[in-house]
Amino acid sequence: MIRQAAVWNLSWEQRRKLTGFLFVLPTVAFVTIFFIVPLGLTFFISLHDWPLFGDRAYIGFSNYSELAADRQYVKSLNFTFRYTLLITPPIFILGFILASLVRRKIRFVGIFRTIFFMPVVIGLGVSSLLWVWLLDDRVGIFNKILLDLNLVPKAQLFLGRPNTAMNVIILSVVWKTVGFTMILLLAGLQAISDELYESAEVDGAGYFKKLFYITLPLMRRTIALALVISVIGSVLAFDQFYIMTRGGPRNSTISIVYWIFNNSFTYFKMGYGAAMSIVLLGILVALTGAQLYILREKD
Amino acid sequence: MAATSPEKPQTLSGAMTQQEIRRLRRRALLWLRYLVLVILAVLFLFPIFWSFINSIKLPAEALAVPPTYLPTRISFDNYIELTTYGRAGEKGQDDLGLIQHVYNSTVVALITVIGSIVLSTLGGYGFARFNFPGKSVLFIMVLSTLMIPFQSILIPLFVMLVQVKLHDTLFGLALVYITFQLPFGIFLMRNSFLAVPHEIEESALLDGCSSLSILYRLMLRLVLPGIVTVAIFAFINSWNEFLAALIFMSDQDNFTLPVFLTMVRSGLWGTVNWGALQAGVIVSIIPSLAIFLALQRYYMDGLMGGAVKN
């Protein structure tokens, strides 16, 4: 009763303030409990020897110094960056081609946009389960087609060799994600006025002149933004390797998130996993910082 | 006339032929564009189409080596096999297989959708329409979590959920998913509320309506497109999410659909039931795809609003 009386004694403005605060309170609580606290905890755990059960011990920065000697960690970092470097060009080139193809308002163009975008709404885990079967050496359709066309002498173990595994996984992820890049680039393309192209045409500019002197310079920011989003996604890659290759062959496809996962939830070395998470976070904050920087320019 | 530069036709007849040539060229280019589009569309649709075709083959045919192209007979046995997949026969337990995991995924997705809608709407309204000390700090705090990939905080989330015994529960997983949705949801709903003119609430405020009833009776209708967008993203993201579900769920009965299908892919007794796996892939794809196709406009609005402008 006393509290109720206290609320009634507040002025209208004070009550507005309180109401507003109460409206955002649940969100703030969720974000604090499930984002801010875990963030601090990640660092805290990283300073400990932290098994799932049993005693945990403070060990300072030992987990971090252990990283330098962890050959698989270095290998995973390398692999993740190589994967990112290899997958980004095809996503962008194909994304740009698709965006250019569906740019003009010609008949049925909406249907094509939808078709190219459809794989984006499928989960990466599920699309990996689909592709691991398409690529299988025994029941997979790719091998069946290649064999029927006499393009290969015998069924290929696409996922069984490091080089081909990388290539076919890239193929599957490009299929799954290129529609997203297409839509971002499409928005950038559509923001360029037709008059610019028309006057360039009057001046006799061909396709590549227009591309290099109008389209690409004016889309610089869109491209940079799509690039950052795509790179972040690639650095965080996990599902496709966990499902399609299980990290093999010979541990050659263990991405950085996969190695964190293995250490934390298979070997239950959570302190060590947390230390790696902190490093990963540093890499990603730098990348996202770049994204925010690009966006700030706009206003 | 041969020296005439194309951009400056000097006679009428020259202009005509130029125009005709240009028109013909444009027509040819249009057809070429359609040809390329159709080829690409077929390639893009092929994996989904092929998965569907195989899911309706007879189970034995779906396992054939080498595979057949078209099914000799249409059958839904792969789907039926998947409903009894798992621990059938073990300890005499009734394993519901597919249905259990579709149920798990649905429950998690629904809690995530409802939670995201309620929190984003309340929070978006609070951030858009009220002034209170610390508001901008809190808003920046919520949005800055967009920079933190959830992959980097899974260890403490797991440790915390274990502490409160919410790990390995659908509810605990949904709580985490709601949080993942919040930065985007708050951003979107705040913008939706900001777009509503102030005059609409003013008379109601003067009449002494409470803030909650203004939100419920007046505003909700006006920000409905934003709510739909939040709901679509919450559904699709939670339905598809794999890594957190893999980590938080340890009891097989609690596996969400993608985690369950990973188990099918690993195979029982060393053999993988490929037909059943593709049936599961199709069941996983249908809800996301149906929602996307039905509400594409809202999805694209959210994508542009969230990815490009936030």
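**Exercise 1.** Determine how far apart the C-alpha centres of domain 1 and domain 2 of chain A lie, and describe the contact between these domains.

*Solution.* The model is a predicted one.
Step 1: the domain assignment of chain A places domain 1 at 2-46 and domain 2 at 66-298.
Step 2: the C-alpha centres of these two domains of chain A are 39 Å apart.
Step 3: the contact involves four residues of domain 1 of chain A and six residues of domain 2 of chain A.
Step 4: on the domain 1 side of this contact in chain A, two residues are nonpolar, two are polar and none is charged.

**Exercise 2.** Carry out the analysis of domain 1 and domain 2 for chain B, and identify which element gives the largest share of the domain 1 side.

*Solution.* Step 1: chain B is divided into domain 1 (21-75) and domain 2 (90-308).
Step 1: the centres of the two domains of chain B, taken over C-alpha atoms, are separated by 33 Å.
Step 2: nine residues of domain 1 of chain B are in contact with seven residues of domain 2 of chain B.
Step 3: two elements of chain B, helix H1 (12-55) and helix H2 (59-62), each give two or more residues to the domain 1 side.
Step 4: the largest share, five residues, comes from H1(B).
Step 5: by class, the domain 1 side in chain B has five nonpolar, three polar and one charged residues.

**Exercise 3.** Describe the contact between chain A and chain B, taking the side of chain A by element and by class.

*Solution.* Step 1: 68 residues of chain A are in contact with 68 residues of chain B.
Step 1: helix H2 (residues 12-46) of chain A supplies the largest share of the chain A side, 19 residues.
Step 2: the chain A side has 51 nonpolar, 12 polar and five charged residues.

**Exercise 4.** State how many helices and strands chain B has, and what share of its residues is buried.

*Solution.* Step 1: chain B has 14 helices and zero strands.
Step 1: buried residues account for 42% of the 310 residues in chain B.
Step 2: of the contacts in chain B between residues at least 6 apart in sequence, 71% join residues at least 24 apart.

Notes. Residues are numbered from 1 along each chain as its sequence is written. Chains are lettered from A and ligands numbered from 1 in the order in which they are written. This is a predicted model: local features need pLDDT of at least 70, side-chain atom pairs count only at pLDDT 80 or more; totals for chains, interfaces and linings use all residues. Two residues are in contact if their C-beta atoms, placed from the backbone, lie within 7 Å. Helices (H or I, at least four residues) and strands (E, at least two) are DSSP runs, numbered from the N terminus. Ala, Val, Leu, Ile, Met, Phe, Trp, Tyr, Cys and Pro count as nonpolar, Asp, Glu, Lys and Arg as charged, and the others, Gly among them, as polar. Domain bounds come from an automatic or database domain assignment. A residue is buried if 20 or more other C-beta atoms lie within 10 Å of its own, exposed if 12 or fewer, and partly exposed in between; C-beta atoms are placed from the backbone.
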